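Visitor: Could you walk me through reading a sheet and a ligand site in a model like this one?
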Amino acid sequence: MNASLRRLPTTAAHLKSPFTARHIIQSPNTNFFRNFFGRRPASPNTIMAAKTKAQDIIDNNSVAVFSKSWCPYCKATKSLLSEMGAKAHILELDQMDDGAELQDALYEITNQRSVPNIFIDKKHIGGNSDLQAKKSELPKLLKDAHAV
Ligand SMILES: N[C@@H](CCC(=O)N[C@@H](CS)C(=O)NCC(=O)O)C(=O)O
């Protein structure tokens, strides 16, 4: 075998990054490019609409998870909720045309910009680490929220 080929690592750490070319190419819309290269500032109407939409989702679902499809913390959250048998409304912001605006709206509502951004019974739980820390309380929280 060619010596330079033999030196190639067997597991390429950079391929494990959530920002792989494969992900970008498979993205169902252009949000990645829009967000990467910058987007026009949203109009006050757009901001208001996103805030109303985010609040409606929070108010009308026992469990709401604002997620991104490539995010490992979101994956952990979705797995835990699924393990608990919880019915959850999950939104993949990176696959939505108004995902960036919803993320801005969530920041205004919760002071949290990161995903996952989790709500149970309209109450802000926080991110994945906050949800995992509440693991022992979750069965009751989910039952009280009528999510199980
Ligand atoms: N401590 C947070 C970490 C969450 C986090 O770092 N999420 C990343 C995605 S994996 C994020 O929101 N990045 C900013 C963005 O996507 O806009 C948690 O447990 O939820």
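Guide: Two strands pair if DSSP finds at least two bridges between them, and strands (E, at least two residues) and helices (H or I, at least four) are DSSP runs numbered from the N terminus. Here strand E3 (residues 117-120) and E4 pair in the antiparallel sense over three bridges, and Ile118 stands opposite Gly126 in E4. This is a predicted model: local features need pLDDT of at least 70 and side-chain atom pairs 80 or more, while totals for chains, interfaces and linings use all residues. Residues are numbered from 1 along each chain as its sequence is written, and side-chain values use heavy atoms, leaving out hydrogens and water.

Visitor: What is the order of the strands in the open sheet?

Guide: Strands of a sheet pair through backbone hydrogen bonds, either parallel or antiparallel. The order in this open sheet of four strands is E2-E1-E3-E4, with mixed pairing. Strand E2 (89-92) and strand E4 (123-126) each have a single partner strand, so one side of each lacks a neighbour in the sheet.

Visitor: Which residues are around the ligand?

Guide: A residue is near a molecule if one of its heavy atoms lies within 4 Å of it. Among those around the ligand are Lys68, Trp70, Gln103 and Asn128.

Visitor: Which side-chain atoms of Lys68 and Gln103 lie by a ligand oxygen?

Guide: A polar contact is a pair of N or O atoms within 3.5 Å. A polar side-chain atom of Lys68 lies 3.0 Å from a ligand oxygen, and a side-chain N or O atom of Gln103 is 2.8 Å from a ligand oxygen. Asn128 uses a backbone N or O atom, 2.8 Å from an oxygen of the ligand.

Notes: A polar contact is a pair of N or O atoms within 3.5 Å; within protein, one must be able to donate a hydrogen and the other to accept it, and residues adjacent in sequence count only if both atoms are side-chain atoms.
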